[in-house]
Amino acid sequence: MKRFINGLCAAGCLALLSLTGCKDYLVEENLGGRTAETYYGTAQGFEDLVKSTYSPLRPLLSYTGMFFLGTDIFTVTEVGSTNAFNSYDNNLNSSNPDLDSYWKEAYYAIQLTNTVQFWSTQVTGLDAATVATRVAETKALRAYHYFLLAETFGDVPLVLAPATQPTFGFARTPEKDVYTQVIKDLTEAIDGLPATTANFGRVTKGMAQHLLAKVYLTRGYKSYGAGQADFTKAGQLAETLITSGPYALSSNFASLFDPSNAGFQVNSEVIFSVQYNANVESSRYYYINNPSLLITGNGLHNLFNMEFQTYPTIGRSAYYGKSTLYIAPTSYLYTLFDKTRDARYQSTFATAIYAQVATAGFAVGDTVIYFPDVPFSAARKATKKYNVYNFDEYENKTSFSPRSLPYAQKFREVNVPYSDNNLGIRDTYVFRLAETYLIASEAYLKAGDMAKAVQYYNVIRTRAGKTGTNPATNLPYKDELKATSITIDNILDERARELFGEELRWYELKRTGKLLERGKLYNKELAKYNRLQSFNLLRPIPQTQIDLNRADFTQNPGY
């Protein structure tokens, strides 16, 4: 049954309270008489505690600005506007609220996993095999959080046990040691996790294998890494998951994102996803930095779009929803798709926007906006009642006006009521097998095995090809997409086509050493302000953490 996470209780809040050591406070305020000591040692309490470790993934993966902006394929929505994560200006500093909040959310999530580790030795009423599996789940989750923390901030405190009293003396653990722990956690998790689960959404062996392959791949680039040995290990791990796991690529890319297919998000390609549900109670979460802000769904579908409501014929429609004018694709992203051969463009973007309201000259369903593949001349535009935007007009706007962009339909929700929140219930794919293939390709490329690198790269290219034969060449479209040799840039371009809006793009560019080069080449706002420097490969440590710590807790260079 898919919706495992929907049974989440308030275990996370209980865990947080229990960690303060204020037992009298708990007794006084907990009208149900439930404490960590009386609940987490029971089978039900322990299982609820484990479930609570999944809930923080919702807010943690919503920091889209720091994940997407300031890269080659994502920029700000309004032409000429600034955002600290996109222009790398002075507002990207230790007081940045997103970085502060992300740090706290991540350590809250880690605290929950550590709490599970502790209570796993105290619980009664559960068989040892189940307890071992739950421990392995939370080790994999802890590794994921520490991997992202280390890639974001570098040296970070490595906390492996639940806090039982306030602590003000945390020190920053060297990044290489954090990586050592991440690898240890994932290795142990792989040994303890099942290949499949009846509760779709739980961590499985495949999730840990995929993540460990990515960790080795990333460490291979580091000065403290093992270089080719790490790359080879990453390739082998990815290859094992591809060839011997219970996963398989879907027959076509579009099926992974088509909400008209019942149960489309539960398939053999999805290795791990963050789940949402129509039941508001089961999808809700709060940000630690803003506990009054209740989030009740997934807002990914609101991103990467232009503002439709300003067109009277579209209006505030449930079909297109309310765009979050925050992140937009760069023009470069659209150039990456071979629209003749690659079917993914049509599955990712819609080039026609249709009327949702009948107005003078327009019936419901008429074209309102069109983005032609072949540019329209001014004379041809004049013959159309609808708005036409050629490619060179996507960003040809006056300062501080939103871009006009093809609709990013990949994450479209079906008839979400138009509202300020406009939140949906689709899951967020974290890892799917297509990325495993690209990890294998990159790993073998870096290890010097071009044949295997091309082999795994071409599997994804072939799946992306349109059906049929190109009449101009008499060759199958799928064959025309195949490569005979590749570079890191080819892999990054393929990741952009395949994993648009799924992968955390900033980390991919950082890993491969391409952030500065590709950011300045393809992100016009970033290039215009020309502030991106090598020290920006780490984010600033939140000032709140520096101020709270009485130990030597230094800031990252450059901030």
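Biologist: Leaving aside its neighbours within four places in sequence, which residues is phenylalanine 304 in contact with?

Modeller: First, some conventions: this is a predicted model, in which local features need pLDDT of at least 70 and side-chain atom pairs count only at pLDDT 80 or more, while totals for chains, interfaces and linings use all residues. Residues are numbered from 1 along each chain as its sequence is written, and side-chain values use heavy atoms, with hydrogens and water left out. Contact means heavy atoms within 4.5 Å. On that basis, phenylalanine 304 contacts Phe68, Phe74, Ile327, Ala328, Pro329, Ala408, Phe411, Phe500 and Gly501, neighbours within four places in sequence being left aside.

Biologist: Is phenylalanine 304 buried or exposed, and where does it lie?

Modeller: Buried means under 20% relative accessible area, exposed means over 50%, and partly exposed lies in between (1.4 Å probe, protein chains only). Phenylalanine 304 has a relative accessible area of 0% and is therefore buried. Its place is the loop between strand 4 (290-295) and strand 5 (327-329); helices (H or I, at least four residues) and strands (E, at least two) are DSSP runs, numbered from the N terminus.

Biologist: What does the phi angle of phenylalanine 304 show?

Modeller: Most residues other than glycine have a negative phi. Phenylalanine 304, although not a glycine, has a positive phi of about 70 degrees. Asparagine 474 is another non-glycine residue with a positive phi, near 65 degrees. Asparagine 474 is found in the loop between strand 12 (469-470) and strand 13 (475-476), and it counts as exposed at 64% relative accessibility.

Biologist: Which residues touch the most other members of the largest nonpolar core?

Modeller: A nonpolar core is a set of buried Ala, Val, Leu, Ile, Met, Phe, Trp, Tyr and Cys residues joined through side-chain atoms within 4.5 Å. The largest one here has 138 residues, and Phe304 and Ile369 touch the most other members. Helix 9 (residues 128-153) gives the most to this core, namely eleven residues. Apart from it lies another core of eleven residues, including Ala36, Tyr39, Val123 and Val135.

Biologist: Which residues does histidine 145 touch?

Modeller: Histidine 145 is placed in helix 9 and is buried, with a relative accessible area of 4%. Not counting residues up to four places away in sequence, it touches Leu57, Leu60, Ala109 and Ile110.

Biologist: How many salt bridges does the structure hold?

Modeller: Side chains of opposite charge can pair when their charged atoms come close. A salt bridge is a side-chain nitrogen of Lys or Arg within 4 Å of a carboxyl oxygen of Asp or Glu. The structure holds 46 of them. In one, the side chains of glutamate 502 and arginine 432 meet at 2.7 Å, N to O. Glutamate 502 lies in the loop between helix 20 and helix 21 (505-512) and arginine 432 in strand 11, so the pair ties together parts 70 residues apart in sequence. Both partners are buried: glutamate 502 has a relative accessible area of 11%, and arginine 432 is at 1%.

Biologist: What does the salt bridge of aspartate 489 and arginine 518 link?

Modeller: Their side chains meet at 2.9 Å, N to O. The pair links distant parts of the chain, with aspartate 489 in helix 20 and arginine 518 in helix 22 (residues 515-522), 29 residues apart. Aspartate 489 counts as partly exposed at 22% relative accessibility, whereas arginine 518 counts as buried at 2%.

Biologist: What span should helix 18 have?

Modeller: The expected span of a helix is 1.5 Å times one less than its number of residues. For the 15 residues of helix 18 (residues 450-464) this gives 21 Å, which agrees with its end C-alpha atoms being 21 Å apart. Its buried residues include Ala453, Tyr456, Asn458 and Arg461. The buried residues of helix 18 pack against several elements, among them helix 12 (228-244), helix 17 (433-447) and helix 20 (488-499).

Biologist: Over which residues does pLDDT stay under 50?

Modeller: pLDDT is the predictor's confidence in each residue, from 0 to 100. The protein has a mean of 90, and 93% of its residues reach 70 or more. Over residues 1-28, however, pLDDT stays under 50, and the model has 64 contacts beyond four places in sequence for them.
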